[in-house]
Amino acid sequence: MDPILTTNILNVVYEVSTLAVVVLGLAVVFGLLGVMNLAHGEFVMIGAYCAFFVQAQNLPFLAAVPLALLVCAVLGLVVERLLVRPLYARPFDTLLATWGLSMLLREAVEAVYGRAFRSVATPLTGSVDVFGADYPSYRLLLTVVSIALVAGLVWWFVRSATGRRIRAVVNNPELAGSVGIPVTGLARNTFVFGCCLAALAGVMLAPLLPVNPTLGLDFILKSFFVLVVGGLGSLVGLISGSGVIGGVESVVSAFLDRTYGYTTVLIIAILFLWLRPNGLFPRT
Amino acid sequence: MTGNSGGPLFSFSGVTGGYGATTVVRSVGGEVSAGEACCVLGRNGVGKTTLMRLLTGHLPLQSGSVSFDGQPLDGLPPDRRHALGLIYCPQERPVFDNLSVRENLTLMAPAIDEGRYAAFFAAFPILESRMTQSAGTLSGGERKILSFVRAVAESGQLLLLDEPSEGVQQENVERMAGFLHEAKAAGRALLIVEQNLAFALGIADRVIVMDHGEVVLAGAAADMTEETLAAHMHV
Ligand SMILES: Nc1ncnc2c1ncn2[C@@H]1O[C@H](COP(=O)(O)OP(=O)(O)OP(=O)(O)O)[C@@H](O)[C@H]1O
Ligand SMILES: [Mg+2]
(Lines give C-alpha, C1' and ligand atoms only; values in the text may rest on other atoms or scores of the structure.)
(Ligands and ions follow the chains in the order given, each with its own letter.)
Protein backbone atom coordinates (compact mmCIF):
# COMPACT_ATOMS: atom_id res chain seq x y z
CA MET A 1 0.00 0.00 0.00
CA ASP A 2 1.06 3.58 -0.62
CA PRO A 3 2.88 4.73 2.57
CA ILE A 4 1.26 8.20 2.46
CA LEU A 5 -2.18 6.66 2.25
CA THR A 6 -1.33 4.28 5.10
CA THR A 7 -0.15 7.17 7.24
CA ASN A 8 -3.35 9.10 6.51
CA ILE A 9 -5.52 6.12 7.36
CA LEU A 10 -3.63 5.62 10.62
CA ASN A 11 -4.06 9.30 11.41
CA VAL A 12 -7.79 9.05 10.90
CA VAL A 13 -8.01 5.97 13.12
CA TYR A 14 -5.91 7.74 15.74
CA GLU A 15 -8.10 10.85 15.66
CA VAL A 16 -11.35 8.89 15.80
CA SER A 17 -10.34 6.52 18.59
CA THR A 18 -8.85 9.16 20.91
CA LEU A 19 -11.87 11.40 20.33
CA ALA A 20 -14.16 8.49 21.19
CA VAL A 21 -12.46 8.10 24.58
CA VAL A 22 -13.13 11.75 25.41
CA VAL A 23 -16.72 11.71 24.16
CA LEU A 24 -17.52 8.43 25.90
CA GLY A 25 -17.12 10.02 29.33
CA LEU A 26 -19.25 13.00 28.37
CA ALA A 27 -21.95 10.85 26.76
CA VAL A 28 -22.27 8.32 29.58
CA VAL A 29 -22.75 11.16 32.05
CA PHE A 30 -25.29 12.82 29.79
CA GLY A 31 -27.14 9.54 29.24
CA LEU A 32 -27.48 8.72 32.90
CA LEU A 33 -27.75 12.11 34.58
CA GLY A 34 -29.05 14.26 31.75
CA VAL A 35 -26.16 16.58 32.57
CA MET A 36 -24.00 18.09 29.86
CA ASN A 37 -20.74 18.73 31.68
CA LEU A 38 -19.19 21.72 29.92
CA ALA A 39 -16.11 21.34 32.12
CA HIS A 40 -15.38 17.90 30.67
CA GLY A 41 -12.58 19.30 28.52
CA GLU A 42 -10.98 20.86 31.58
CA PHE A 43 -10.66 17.40 33.10
CA VAL A 44 -8.72 16.41 29.97
CA MET A 45 -6.58 19.51 30.50
CA ILE A 46 -5.93 18.63 34.16
CA GLY A 47 -4.95 15.11 33.10
CA ALA A 48 -2.43 16.61 30.67
CA TYR A 49 -0.98 18.84 33.38
CA CYS A 50 -0.62 15.79 35.64
CA ALA A 51 1.61 14.28 32.95
CA PHE A 52 3.61 17.51 32.83
CA PHE A 53 3.89 17.64 36.61
CA VAL A 54 5.09 14.05 36.86
CA GLN A 55 7.81 14.61 34.26
CA ALA A 56 8.92 17.82 35.95
CA GLN A 57 9.44 15.74 39.11
CA ASN A 58 11.53 13.26 37.12
CA LEU A 59 9.03 10.51 37.77
CA PRO A 60 8.14 7.93 35.13
CA PHE A 61 5.41 8.99 32.70
CA LEU A 62 3.08 6.19 33.83
CA ALA A 63 2.97 7.69 37.32
CA ALA A 64 0.76 10.36 35.77
CA VAL A 65 -2.04 7.83 35.34
CA PRO A 66 -2.79 7.19 39.04
CA LEU A 67 -2.14 10.85 39.84
CA ALA A 68 -4.57 12.14 37.21
CA LEU A 69 -7.21 9.57 38.17
CA LEU A 70 -6.90 10.51 41.83
CA VAL A 71 -7.00 14.27 41.25
CA CYS A 72 -9.94 14.10 38.86
CA ALA A 73 -11.86 11.55 40.94
CA VAL A 74 -11.67 13.79 44.00
CA LEU A 75 -12.54 16.84 41.93
CA GLY A 76 -15.39 14.95 40.27
CA LEU A 77 -16.80 13.87 43.64
CA VAL A 78 -16.78 17.42 44.94
CA VAL A 79 -18.30 18.84 41.75
CA GLU A 80 -21.03 16.18 41.70
CA ARG A 81 -21.98 16.82 45.29
CA LEU A 82 -21.84 20.63 45.28
CA LEU A 83 -22.82 21.47 41.74
CA VAL A 84 -24.45 18.69 39.78
CA ARG A 85 -26.68 17.08 42.40
CA PRO A 86 -28.32 20.26 43.72
CA LEU A 87 -29.13 21.29 40.14
CA TYR A 88 -30.45 17.89 39.13
CA ALA A 89 -33.25 18.09 36.52
CA ARG A 90 -32.44 21.74 35.81
CA PRO A 91 -30.46 21.32 32.58
CA PHE A 92 -29.99 25.00 31.80
CA ASP A 93 -28.70 25.81 35.28
CA THR A 94 -26.35 22.84 35.05
CA LEU A 95 -24.98 24.12 31.74
CA LEU A 96 -24.30 27.52 33.28
CA ALA A 97 -22.77 26.01 36.40
CA THR A 98 -20.43 23.64 34.57
CA TRP A 99 -19.47 26.43 32.16
CA GLY A 100 -18.56 28.54 35.19
CA LEU A 101 -16.63 25.61 36.58
CA SER A 102 -14.69 25.26 33.32
CA MET A 103 -13.60 28.91 33.55
CA LEU A 104 -12.65 28.48 37.19
CA LEU A 105 -10.50 25.43 36.43
CA ARG A 106 -8.76 27.21 33.54
CA GLU A 107 -8.02 30.21 35.75
CA ALA A 108 -6.78 28.00 38.57
CA VAL A 109 -4.37 26.12 36.34
CA GLU A 110 -3.24 29.38 34.74
CA ALA A 111 -2.53 30.79 38.21
CA VAL A 112 -0.20 27.89 38.88
CA TYR A 113 1.43 27.25 35.50
CA GLY A 114 0.78 30.40 33.51
CA ARG A 115 -0.37 30.50 29.91
CA ALA A 116 2.82 29.22 28.34
CA PHE A 117 2.65 26.07 26.25
CA ARG A 118 4.29 23.22 28.08
CA SER A 119 5.57 20.17 26.38
CA VAL A 120 5.54 16.67 27.69
CA ALA A 121 8.20 14.31 26.39
CA THR A 122 6.94 11.26 24.56
CA PRO A 123 7.47 8.19 26.74
CA LEU A 124 7.88 6.00 23.69
CA THR A 125 10.10 7.45 20.99
CA GLY A 126 10.91 6.18 17.53
CA SER A 127 8.66 4.82 14.89
CA VAL A 128 7.48 1.52 13.58
CA ASP A 129 6.99 0.24 10.09
CA VAL A 130 3.33 -0.30 9.27
CA PHE A 131 2.86 -1.68 5.74
CA GLY A 132 5.80 0.36 4.56
CA ALA A 133 4.80 3.57 6.33
CA ASP A 134 6.99 4.95 9.08
CA TYR A 135 4.54 5.67 11.90
CA PRO A 136 5.39 7.15 15.34
CA SER A 137 5.31 4.36 17.93
CA TYR A 138 3.56 6.41 20.59
CA ARG A 139 0.71 7.42 18.30
CA LEU A 140 0.25 3.83 17.31
CA LEU A 141 0.28 2.70 20.91
CA LEU A 142 -2.24 5.39 21.80
CA THR A 143 -4.53 4.29 18.99
CA VAL A 144 -4.39 0.69 20.16
CA VAL A 145 -4.95 1.64 23.81
CA SER A 146 -7.88 3.92 22.90
CA ILE A 147 -9.57 1.27 20.78
CA ALA A 148 -9.06 -1.31 23.53
CA LEU A 149 -10.41 1.10 26.13
CA VAL A 150 -13.54 1.98 24.16
CA ALA A 151 -14.15 -1.65 23.17
CA GLY A 152 -13.60 -2.83 26.75
CA LEU A 153 -15.97 -0.24 28.16
CA VAL A 154 -18.64 -0.99 25.58
CA TRP A 155 -18.31 -4.68 26.35
CA TRP A 156 -18.55 -3.98 30.08
CA PHE A 157 -21.56 -1.72 29.55
CA VAL A 158 -23.37 -4.41 27.59
CA ARG A 159 -22.40 -7.43 29.69
CA SER A 160 -21.86 -6.42 33.32
CA ALA A 161 -24.55 -6.19 35.98
CA THR A 162 -23.63 -2.56 36.64
CA GLY A 163 -23.83 -1.76 32.92
CA ARG A 164 -27.30 -3.29 32.81
CA ARG A 165 -28.36 -1.22 35.80
CA ILE A 166 -27.05 1.95 34.19
CA ARG A 167 -29.09 1.16 31.08
CA ALA A 168 -32.10 0.50 33.29
CA VAL A 169 -31.78 3.91 34.96
CA VAL A 170 -31.42 5.63 31.59
CA ASN A 171 -34.55 3.87 30.32
CA ASN A 172 -36.80 4.30 33.36
CA PRO A 173 -35.44 6.25 36.33
CA GLU A 174 -38.63 5.96 38.39
CA LEU A 175 -38.78 2.18 38.15
CA ALA A 176 -35.02 1.87 38.70
CA GLY A 177 -35.21 3.30 42.21
CA SER A 178 -38.16 1.09 43.02
CA VAL A 179 -36.47 -2.15 42.04
CA GLY A 180 -33.65 -1.23 44.41
CA ILE A 181 -31.03 0.45 42.23
CA PRO A 182 -29.34 3.18 44.31
CA VAL A 183 -29.86 5.80 41.63
CA THR A 184 -28.11 8.67 43.44
CA GLY A 185 -24.99 6.65 44.16
CA LEU A 186 -24.91 5.27 40.64
CA ALA A 187 -25.20 8.79 39.23
CA ARG A 188 -22.32 9.98 41.42
CA ASN A 189 -20.09 7.08 40.42
CA THR A 190 -20.91 7.60 36.77
CA PHE A 191 -20.04 11.27 36.96
CA VAL A 192 -16.73 10.49 38.64
CA PHE A 193 -16.09 7.78 36.07
CA GLY A 194 -16.65 10.30 33.24
CA CYS A 195 -14.18 12.71 34.85
CA CYS A 196 -11.59 9.94 35.23
CA LEU A 197 -11.96 8.92 31.61
CA ALA A 198 -11.33 12.53 30.55
CA ALA A 199 -8.29 12.67 32.83
CA LEU A 200 -6.92 9.47 31.36
CA ALA A 201 -7.35 10.86 27.85
CA GLY A 202 -5.50 13.98 28.99
CA VAL A 203 -2.52 11.97 30.22
CA MET A 204 -2.37 9.88 27.08
CA LEU A 205 -2.62 12.85 24.72
CA ALA A 206 -0.31 15.17 26.67
CA PRO A 207 2.88 14.24 24.77
CA LEU A 208 1.17 15.08 21.47
CA LEU A 209 -0.43 18.37 22.49
CA PRO A 210 0.76 21.83 23.40
CA VAL A 211 -0.24 21.64 27.06
CA ASN A 212 -1.88 24.89 28.10
CA PRO A 213 -4.90 25.97 30.17
CA THR A 214 -7.24 26.34 27.17
CA LEU A 215 -6.59 22.88 25.81
CA GLY A 216 -9.95 21.62 27.02
CA LEU A 217 -11.99 23.98 24.85
CA ASP A 218 -11.00 22.20 21.70
CA PHE A 219 -12.15 18.87 23.15
CA ILE A 220 -15.48 20.05 24.46
CA LEU A 221 -16.28 21.62 21.09
CA LYS A 222 -15.38 18.51 19.16
CA SER A 223 -17.24 16.31 21.65
CA PHE A 224 -20.28 18.47 21.12
CA PHE A 225 -20.04 18.07 17.38
CA VAL A 226 -19.74 14.31 17.80
CA LEU A 227 -22.91 14.18 19.88
CA VAL A 228 -24.72 16.45 17.44
CA VAL A 229 -23.79 14.23 14.51
CA GLY A 230 -24.07 10.85 16.21
CA GLY A 231 -27.10 11.58 18.34
CA LEU A 232 -27.41 11.11 22.08
CA GLY A 233 -29.10 7.75 21.91
CA SER A 234 -26.50 5.06 21.79
CA LEU A 235 -22.93 3.91 21.69
CA VAL A 236 -23.28 3.27 17.98
CA GLY A 237 -24.18 6.93 17.57
CA LEU A 238 -21.20 7.98 19.65
CA ILE A 239 -18.76 5.90 17.67
CA SER A 240 -20.17 6.91 14.29
CA GLY A 241 -20.20 10.55 15.42
CA SER A 242 -16.54 10.26 16.41
CA GLY A 243 -15.91 8.65 13.05
CA VAL A 244 -17.51 11.48 11.08
CA ILE A 245 -16.02 14.34 13.11
CA GLY A 246 -12.59 12.88 13.82
CA GLY A 247 -12.35 11.39 10.34
CA VAL A 248 -13.39 14.48 8.39
CA GLU A 249 -11.20 16.74 10.48
CA SER A 250 -8.08 14.70 10.07
CA VAL A 251 -8.64 14.11 6.35
CA VAL A 252 -9.32 17.77 5.58
CA SER A 253 -6.46 18.87 7.82
CA ALA A 254 -4.12 16.49 6.04
CA PHE A 255 -4.99 17.70 2.56
CA LEU A 256 -5.58 21.40 3.24
CA ASP A 257 -4.74 22.63 6.71
CA ARG A 258 -6.07 22.56 10.27
CA THR A 259 -8.19 25.69 9.94
CA TYR A 260 -10.10 24.10 7.05
CA GLY A 261 -10.45 20.99 9.18
CA TYR A 262 -12.19 22.94 11.92
CA THR A 263 -14.35 24.86 9.50
CA THR A 264 -15.53 21.74 7.73
CA VAL A 265 -16.42 20.06 11.01
CA LEU A 266 -18.29 23.15 12.17
CA ILE A 267 -20.25 23.27 8.93
CA ILE A 268 -21.16 19.60 9.25
CA ALA A 269 -22.37 20.13 12.81
CA ILE A 270 -24.48 23.13 11.78
CA LEU A 271 -25.97 21.19 8.87
CA PHE A 272 -26.87 18.38 11.24
CA LEU A 273 -28.49 20.73 13.75
CA TRP A 274 -30.45 22.20 10.91
CA LEU A 275 -31.45 19.15 8.88
CA ARG A 276 -31.18 16.26 11.32
CA PRO A 277 -31.26 17.70 14.84
CA ASN A 278 -31.44 14.29 16.52
CA GLY A 279 -28.30 12.99 14.86
CA LEU A 280 -27.67 9.77 12.99
CA PHE A 281 -28.89 7.53 15.82
CA PRO A 282 -31.56 9.41 17.74
CA ARG A 283 -32.67 8.46 21.22
CA THR A 284 -35.98 6.61 21.03
CA MET B 1 -39.79 -9.36 59.07
CA THR B 2 -42.01 -9.03 62.10
CA GLY B 3 -44.07 -6.02 63.10
CA ASN B 4 -42.22 -4.69 66.13
CA SER B 5 -45.16 -2.76 67.48
CA GLY B 6 -47.95 -5.23 66.78
CA GLY B 7 -49.57 -2.38 64.79
CA PRO B 8 -50.16 -2.23 61.04
CA LEU B 9 -47.18 -3.06 58.85
CA PHE B 10 -47.69 0.07 56.77
CA SER B 11 -49.45 3.24 57.77
CA PHE B 12 -49.68 6.76 56.49
CA SER B 13 -51.53 9.83 57.63
CA GLY B 14 -52.11 13.35 56.44
CA VAL B 15 -50.26 12.56 53.21
CA THR B 16 -50.25 15.72 51.12
CA GLY B 17 -48.24 16.40 47.99
CA GLY B 18 -48.11 16.79 44.24
CA TYR B 19 -45.94 18.15 41.51
CA GLY B 20 -43.81 21.18 42.33
CA ALA B 21 -46.04 23.74 44.01
CA THR B 22 -49.24 22.03 42.82
CA THR B 23 -50.95 19.94 45.48
CA VAL B 24 -52.76 16.93 44.04
CA VAL B 25 -53.22 14.68 47.08
CA ARG B 26 -54.63 16.19 50.28
CA SER B 27 -54.40 14.70 53.72
CA VAL B 28 -54.84 11.05 52.80
CA GLY B 29 -54.44 8.42 55.51
CA GLY B 30 -54.65 4.66 55.63
CA GLU B 31 -53.04 1.50 56.91
CA VAL B 32 -52.40 -2.06 55.87
CA SER B 33 -51.59 -4.95 58.18
CA ALA B 34 -49.72 -8.12 57.35
CA GLY B 35 -51.96 -10.58 55.53
CA GLU B 36 -54.31 -7.83 54.47
CA ALA B 37 -55.16 -6.03 51.23
CA CYS B 38 -56.24 -2.43 50.91
CA CYS B 39 -57.60 -1.19 47.59
CA VAL B 40 -57.53 2.43 46.53
CA LEU B 41 -60.37 3.25 44.16
CA GLY B 42 -61.40 6.39 42.36
CA ARG B 43 -62.18 7.93 39.00
CA ASN B 44 -59.50 8.85 36.47
CA GLY B 45 -57.23 11.68 37.51
CA VAL B 46 -58.20 11.88 41.19
CA GLY B 47 -54.63 11.37 42.39
CA LYS B 48 -54.27 7.62 43.02
CA THR B 49 -50.97 7.34 41.18
CA THR B 50 -49.73 10.51 42.82
CA LEU B 51 -50.53 8.96 46.21
CA MET B 52 -48.48 5.87 45.29
CA ARG B 53 -45.54 8.08 44.22
CA LEU B 54 -45.71 9.92 47.52
CA LEU B 55 -45.74 6.66 49.48
CA THR B 56 -42.83 5.14 47.54
CA GLY B 57 -40.58 8.18 47.80
CA HIS B 58 -40.74 9.29 44.18
CA LEU B 59 -42.38 12.57 45.14
CA PRO B 60 -41.64 14.53 48.34
CA LEU B 61 -44.38 14.94 50.93
CA GLN B 62 -45.60 18.49 51.43
CA SER B 63 -46.89 17.26 54.77
CA GLY B 64 -47.91 14.07 56.52
CA SER B 65 -46.04 10.94 57.44
CA VAL B 66 -45.49 7.40 56.22
CA SER B 67 -44.20 4.56 58.31
CA PHE B 68 -43.28 0.95 57.65
CA ASP B 69 -42.93 -1.65 60.37
CA GLY B 70 -43.04 1.09 62.97
CA GLN B 71 -40.23 3.05 61.33
CA PRO B 72 -40.79 6.49 59.76
CA LEU B 73 -39.81 6.66 56.09
CA ASP B 74 -39.40 10.44 55.87
CA GLY B 75 -37.04 11.45 53.11
CA LEU B 76 -35.83 7.91 52.30
CA PRO B 77 -35.17 7.47 48.58
CA PRO B 78 -37.04 4.70 46.69
CA ASP B 79 -34.13 2.24 46.71
CA ARG B 80 -33.86 2.40 50.50
CA ARG B 81 -37.59 1.81 50.83
CA HIS B 82 -37.21 -1.16 48.51
CA ALA B 83 -34.48 -2.53 50.74
CA LEU B 84 -36.85 -2.33 53.72
CA GLY B 85 -39.46 -4.35 51.86
CA LEU B 86 -41.65 -1.94 49.88
CA ILE B 87 -42.14 -3.43 46.45
CA TYR B 88 -43.73 -1.08 43.92
CA CYS B 89 -45.21 -1.65 40.45
CA PRO B 90 -45.89 1.67 38.73
CA GLN B 91 -48.98 2.10 36.58
CA GLU B 92 -47.23 3.52 33.54
CA ARG B 93 -43.94 2.24 32.16
CA PRO B 94 -43.93 -0.77 34.51
CA VAL B 95 -40.86 -2.48 32.98
CA PHE B 96 -37.48 -1.59 31.47
CA ASP B 97 -38.34 -1.55 27.76
CA ASN B 98 -34.72 -1.69 26.64
CA LEU B 99 -33.88 -4.81 28.64
CA SER B 100 -34.94 -8.34 27.82
CA VAL B 101 -37.63 -10.12 29.80
CA ARG B 102 -34.91 -12.14 31.52
CA GLU B 103 -32.89 -9.03 32.37
CA ASN B 104 -36.03 -7.43 33.80
CA LEU B 105 -36.46 -10.41 36.10
CA THR B 106 -32.82 -10.78 37.10
CA LEU B 107 -31.59 -7.18 37.16
CA MET B 108 -30.97 -7.24 40.89
CA ALA B 109 -30.25 -10.97 41.22
CA PRO B 110 -27.09 -12.37 39.65
CA ALA B 111 -28.63 -15.49 38.10
CA ILE B 112 -32.22 -16.37 37.44
CA ASP B 113 -33.61 -18.47 40.24
CA GLU B 114 -35.89 -20.90 38.40
CA GLY B 115 -37.56 -21.95 41.64
CA ARG B 116 -38.51 -18.39 42.32
CA TYR B 117 -40.29 -17.97 39.00
CA ALA B 118 -41.47 -21.52 38.26
CA ALA B 119 -45.02 -21.00 39.52
CA PHE B 120 -45.28 -17.73 37.60
CA PHE B 121 -43.99 -19.22 34.37
CA ALA B 122 -46.54 -22.01 34.73
CA ALA B 123 -49.32 -19.46 35.12
CA PHE B 124 -48.04 -17.03 32.48
CA PRO B 125 -46.18 -19.16 29.91
CA ILE B 126 -45.91 -16.16 27.59
CA LEU B 127 -43.13 -14.77 29.81
CA GLU B 128 -40.98 -17.86 29.59
CA SER B 129 -41.40 -17.98 25.82
CA ARG B 130 -40.29 -14.35 25.50
CA MET B 131 -37.31 -14.53 27.87
CA THR B 132 -34.73 -13.21 25.42
CA GLN B 133 -36.98 -10.66 23.75
CA SER B 134 -36.78 -7.05 24.81
CA ALA B 135 -39.61 -6.07 27.14
CA GLY B 136 -40.44 -3.18 24.81
CA THR B 137 -41.80 -5.68 22.28
CA LEU B 138 -44.43 -7.00 24.72
CA SER B 139 -48.03 -5.80 24.61
CA GLY B 140 -49.25 -3.43 27.33
CA GLY B 141 -50.94 -6.25 29.22
CA GLU B 142 -47.89 -8.51 28.96
CA ARG B 143 -45.72 -5.75 30.40
CA LYS B 144 -48.10 -5.47 33.33
CA ILE B 145 -47.78 -9.22 33.87
CA LEU B 146 -43.98 -9.02 33.73
CA SER B 147 -43.98 -6.18 36.22
CA PHE B 148 -46.41 -8.08 38.47
CA VAL B 149 -44.27 -11.21 38.40
CA ARG B 150 -41.08 -9.29 39.12
CA ALA B 151 -42.73 -7.68 42.15
CA VAL B 152 -44.62 -10.61 43.61
CA ALA B 153 -41.57 -12.88 43.31
CA GLU B 154 -39.54 -10.50 45.46
CA SER B 155 -39.37 -11.13 49.17
CA GLY B 156 -40.45 -7.69 50.44
CA GLN B 157 -43.41 -7.71 52.79
CA LEU B 158 -45.41 -4.87 51.25
CA LEU B 159 -46.64 -4.81 47.66
CA LEU B 160 -47.79 -1.51 46.18
CA LEU B 161 -49.45 -2.16 42.83
CA ASP B 162 -50.81 0.64 40.65
CA GLU B 163 -53.55 -0.78 38.42
CA PRO B 164 -51.97 -4.22 37.92
CA SER B 165 -54.90 -5.49 35.83
CA GLU B 166 -54.93 -2.61 33.32
CA GLY B 167 -54.92 -4.07 29.82
CA VAL B 168 -54.53 -7.65 31.08
CA GLN B 169 -56.81 -10.39 29.68
CA GLN B 170 -59.52 -11.62 32.02
CA GLU B 171 -58.06 -15.12 32.48
CA ASN B 172 -54.71 -13.62 33.48
CA VAL B 173 -56.39 -11.14 35.82
CA GLU B 174 -57.87 -14.16 37.59
CA ARG B 175 -54.43 -15.77 37.86
CA MET B 176 -53.07 -12.54 39.29
CA ALA B 177 -55.82 -12.61 41.90
CA GLY B 178 -54.74 -16.15 42.79
CA PHE B 179 -51.16 -15.02 43.42
CA LEU B 180 -52.38 -12.09 45.50
CA HIS B 181 -54.47 -14.39 47.68
CA GLU B 182 -51.38 -16.55 48.20
CA ALA B 183 -49.34 -13.45 49.10
CA LYS B 184 -51.93 -12.48 51.70
CA ALA B 185 -51.96 -16.00 53.10
CA ALA B 186 -48.17 -15.79 53.39
CA GLY B 187 -48.57 -12.72 55.58
CA ARG B 188 -47.70 -10.01 53.08
CA ALA B 189 -49.49 -6.69 52.98
CA LEU B 190 -51.00 -5.30 49.75
CA LEU B 191 -51.91 -1.78 48.73
CA ILE B 192 -53.53 -1.87 45.32
CA VAL B 193 -54.89 0.89 43.09
CA GLU B 194 -57.63 -0.49 40.85
CA GLN B 195 -60.33 0.46 38.36
CA ASN B 196 -61.57 -3.11 38.00
CA LEU B 197 -64.12 -3.27 40.82
CA ALA B 198 -64.73 -7.00 40.71
CA PHE B 199 -61.00 -7.75 40.86
CA ALA B 200 -60.50 -5.22 43.65
CA LEU B 201 -63.36 -6.47 45.79
CA GLY B 202 -62.23 -10.06 45.29
CA ILE B 203 -59.02 -9.40 47.22
CA ALA B 204 -59.62 -6.28 49.32
CA ASP B 205 -60.10 -6.34 53.06
CA ARG B 206 -60.30 -2.58 53.18
CA VAL B 207 -61.20 0.02 50.62
CA ILE B 208 -60.26 3.67 50.25
CA VAL B 209 -62.17 5.73 47.70
CA MET B 210 -60.56 8.96 46.54
CA ASP B 211 -61.98 11.97 44.76
CA HIS B 212 -60.20 15.23 43.96
CA GLY B 213 -57.15 14.10 45.89
CA GLU B 214 -59.04 13.34 49.10
CA VAL B 215 -60.51 10.30 50.76
CA VAL B 216 -64.31 10.34 50.35
CA LEU B 217 -65.04 6.87 51.66
CA ALA B 218 -63.02 4.35 53.63
CA GLY B 219 -63.81 1.17 55.49
CA ALA B 220 -63.97 -2.60 55.48
CA ALA B 221 -64.59 -4.10 52.06
CA ALA B 222 -67.20 -6.41 53.53
CA ASP B 223 -69.35 -3.40 54.43
CA MET B 224 -69.40 -2.03 50.90
CA THR B 225 -71.51 -3.04 47.98
CA GLU B 226 -70.48 -2.54 44.41
CA GLU B 227 -73.36 -0.08 44.08
CA THR B 228 -72.12 2.13 46.93
CA LEU B 229 -68.63 2.15 45.48
CA ALA B 230 -69.81 2.73 41.94
CA ALA B 231 -71.90 5.64 43.17
CA HIS B 232 -68.82 7.21 44.75
CA MET B 233 -66.70 6.62 41.72
CA HIS B 234 -68.96 8.00 39.02
CA VAL B 235 -70.41 11.19 40.40
N1 LIG C 1 -46.04 14.42 36.18
C2 LIG C 1 -47.06 15.24 36.47
N3 LIG C 1 -46.88 16.58 36.54
C4 LIG C 1 -47.91 17.40 36.84
N5 LIG C 1 -49.16 17.00 37.08
C6 LIG C 1 -49.41 15.68 37.03
C7 LIG C 1 -48.38 14.73 36.72
N8 LIG C 1 -48.92 13.50 36.73
C9 LIG C 1 -50.22 13.66 37.03
N10 LIG C 1 -50.53 14.97 37.21
C11 LIG C 1 -51.85 15.50 37.57
O12 LIG C 1 -52.22 15.03 38.85
C13 LIG C 1 -53.59 14.69 38.88
C14 LIG C 1 -53.76 13.28 39.39
O15 LIG C 1 -53.12 12.37 38.51
P16 LIG C 1 -52.89 10.87 38.90
O17 LIG C 1 -52.08 10.26 37.82
O18 LIG C 1 -52.38 10.77 40.27
O19 LIG C 1 -54.39 10.31 38.84
P20 LIG C 1 -54.91 8.83 38.87
O21 LIG C 1 -55.98 8.79 39.90
O22 LIG C 1 -53.81 7.87 39.03
O23 LIG C 1 -55.57 8.67 37.43
P24 LIG C 1 -55.73 7.38 36.50
O25 LIG C 1 -56.89 6.64 37.01
O26 LIG C 1 -55.98 7.94 35.15
O27 LIG C 1 -54.46 6.59 36.58
C28 LIG C 1 -54.13 14.87 37.46
O29 LIG C 1 -54.85 16.08 37.44
C30 LIG C 1 -52.90 14.99 36.60
O31 LIG C 1 -53.14 15.90 35.56
MG1 LIG D 1 -53.06 6.40 37.92
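Two strands pair if DSSP finds at least two bridges between them. Helices (H or I, at least four residues) and strands (E, at least two) are DSSP runs, numbered from the N terminus. With those terms, chain B shows an open sheet of four strands in the order 2-1-4-5, with antiparallel pairing. Strand 2 (22-32) and strand 5 (71-72) of chain B stand at the edges, each with a single partner strand, so one side of each has no neighbour in the sheet.

This is a predicted model, in which local features need pLDDT of at least 70, side-chain atom pairs count only at pLDDT 80 or more, and totals for chains, interfaces and linings use all residues. Residues are numbered from 1 along each chain as its sequence is written, while chains are lettered from A and ligands numbered from 1 in the order in which they are written.

Stay with the antiparallel sheet for a moment. Strand 1 (residues 10-19) of chain B runs antiparallel to strand 4 (residues 63-68) of chain B, and five bridges join them. B:T16 stands opposite B:S63 in strand 4 of chain B. Strands of a sheet pair through backbone hydrogen bonds, either parallel or antiparallel.

Now the whole of chain B. It has nine helices and 10 strands. Its radius of gyration, taken over C-alpha atoms, is 17 Å, close to the 18 Å that the globule rule gives for 235 residues, so chain B is as compact as a globular protein of that length. The globule rule is 2.2 Å times the number of residues to the power 0.38. Along the principal axes, the C-alpha atoms of chain B fill a box of roughly 45 × 40 × 35 Å.

Two residues are in contact if their C-beta atoms, placed from the backbone, lie within 7 Å. Of the contacts in chain B with a separation of 6 or more, 68% are between residues 24 or more positions apart. A residue is buried if 20 or more other C-beta atoms lie within 10 Å of its own, exposed if 12 or fewer, and partly exposed in between, with C-beta atoms placed from the backbone. Buried residues make up 42% of the 235 residues in chain B.

Strand 8 (residues 189-193) of chain B is mostly covered: five of its five residues are buried. In a regular strand the side chains alternate between the two faces of the sheet. Here both faces are covered, with B:A189, B:L191 and B:V193 buried on one side and B:L190 and B:I192 buried on the other.

Strand 8 of chain B has parallel partners. Strand 3 (residues 37-42) of chain B pairs with strand 8 in the parallel sense over four bridges. B:C38 stands opposite B:L191 in strand 8 of chain B. Strand 7 (residues 158-162) of chain B also runs parallel to strand 8, joined by five bridges. There, B:L159 has B:L190 as its bridge partner. The chain crosses from strand 7 through helix 7 (residues 170-185) to strand 8 of chain B, and this β-α-β crossover is right-handed. That term applies if, with the strands pointing away from the viewer, the path from the first strand over the helix to the second runs clockwise.

B:I192 is buried because 24 other C-beta atoms lie within 10 Å. Leaving out residues up to four places away in sequence, B:I192 touches B:A37, B:C39, B:L161, B:P164 and B:A200. B:I192 and B:Y88 are 104 residues apart in sequence, yet 9.9 Å apart in space, C-alpha to C-alpha.

Two residues have a backbone angle to check. Phi of B:S27 is near 45°, a positive value in a residue other than glycine. B:S27 is placed in strand 2 of chain B, and is partly exposed, with 14 other C-beta atoms within 10 Å. Phi of B:H212 is near 45° too, again positive in a residue other than glycine. B:H212 is found in the loop between strand 9 (206-211) and strand 10 (214-220) of chain B.

Finally, chain B meets chain A: 18 residues of chain B are in contact with 17 residues of chain A. On the chain B side, the largest share, four residues, comes from helix 2 (residues 78-84) of chain B.
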